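Let's take a walk through this one together. Have the sequence and the 3D view open, and follow along piece by piece.

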Amino acid sequence: MEIPKIHESEYRFCLIMWEQEPVTTVELVKLCQQQLGWKRTTTYTVIKRLEERGVLRNDNGVVTSIVSKDEAQAYEIDELVEKKFAGSLPAFIAAFTRHQNLSQQDLDEVQRMIDCIRRGEKQ
């Protein structure tokens with residue numbers, strides 16, 4: 001499945017939708033006003049755009065996602081690695097870890113993920 005591009009403001013909207021879904025458009029308007037400072041018309045415009053691009057479904061005022069949070073995040077990471085690091089995951093990780101203080105717990109979790117991948121297990 002091809003993941004449609006979700007722009008930054010749309011992504012912030014999607015975070016609210018993913019947390020609340022299924023959610024009514026009325027509730028989304030309230031949440032977006034509280035959390036994003038959006039007007040009602042802005043929320044409805046974003047819902048319409050995302051529905052047209054196949055990110056969400058609006059069925060009689062009840063909004064659910066077509067693209068999951070995990071799928072959207074994976075797409076963004078893939079795009080970032082491809083664009084900024086010529087598709088090299090090791091180059092991305094090297095750049096990331098140079099500027100981060102990783103705790104022992106973080107390192108253990110990353111090692112656990114690598115071990116699972118080596119064994120052919122899904123995360």
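**How the pieces pack**

H2 and H3 cross in a right-handed way; a crossing gets that label if the near helix is turned clockwise from the far one by less than a right angle, and is left-handed if anticlockwise. By the way, helices here are DSSP runs of H or I with at least four residues, strands are DSSP runs of E with at least two, and both are numbered from the N terminus. Before going on, note that this is a predicted model, where local features need pLDDT of at least 70 and side-chain atom pairs count only at pLDDT 80 or more, while totals for chains, interfaces and linings use all residues. Residues are numbered from 1 along each chain as its sequence is written, and side-chain values use heavy atoms, with hydrogens and water left out.

Back to that pair. The axes of H2 and H3 come within 9 Å and cross at roughly 120°. An axis is a line fitted to C-alpha atoms, for helices over the stretch in contact, and angles run from 0 to 180 degrees between N-to-C directions. H2 and H3 are therefore oblique to each other: under 35 degrees counts as roughly parallel, over 145 as roughly antiparallel, 65 to 115 as roughly perpendicular, and the rest as oblique. Who touches whom? From H2 come Thr25, Val26, Leu28, Val29 and Cys32, and they meet Arg40, Thr43, Tyr44 and Ile47 in H3. Contact means heavy atoms within 4.5 Å. This set divides into six nonpolar, two polar and one charged. Ala, Val, Leu, Ile, Met, Phe, Trp, Tyr, Cys and Pro count as nonpolar, Asp, Glu, Lys and Arg as charged, and the others, Gly among them, as polar.

On the H1 side, the contact uses Arg12, Phe13, Ile16, Met17 and Gln20, and on the H2 side Leu28, Leu31, Cys32, Gln35 and Leu36. Sorted by class, you get seven nonpolar, two polar and one charged.

Now for the strands. Three of them make an open sheet in the order E1-E3-E2, with antiparallel pairing. E1 (23–24) and E2 (56–59) sit at the edges with a single partner strand each, so one side of each has no neighbour in the sheet. Two strands pair if DSSP finds at least two bridges between them. E1 and E3 are joined by two bridges, and Val23 stands opposite Val63 in E3. E2 and E3 (residues 62–65) pair over four bridges; there, Asn58 has Val63 as its bridge partner, and Leu56 has Ser65. E2 and E3 form a hairpin with two residues between them, and Asn60 in the turn has a positive phi of about 55°. Helix H3 (residues 40–52) lies across E2 and E3, at about 115° to E2.

One more helix pair to go. H4 (residues 69–85) and H5 (residues 89–98) pack at about 90°, with axes 9 Å apart, and are therefore roughly perpendicular. Leu80, Val81 and Phe85 in H4 meet Leu89, Ala91, Phe92 and Ala95 in H5. That contact has seven nonpolar residues, no polar and no charged ones.
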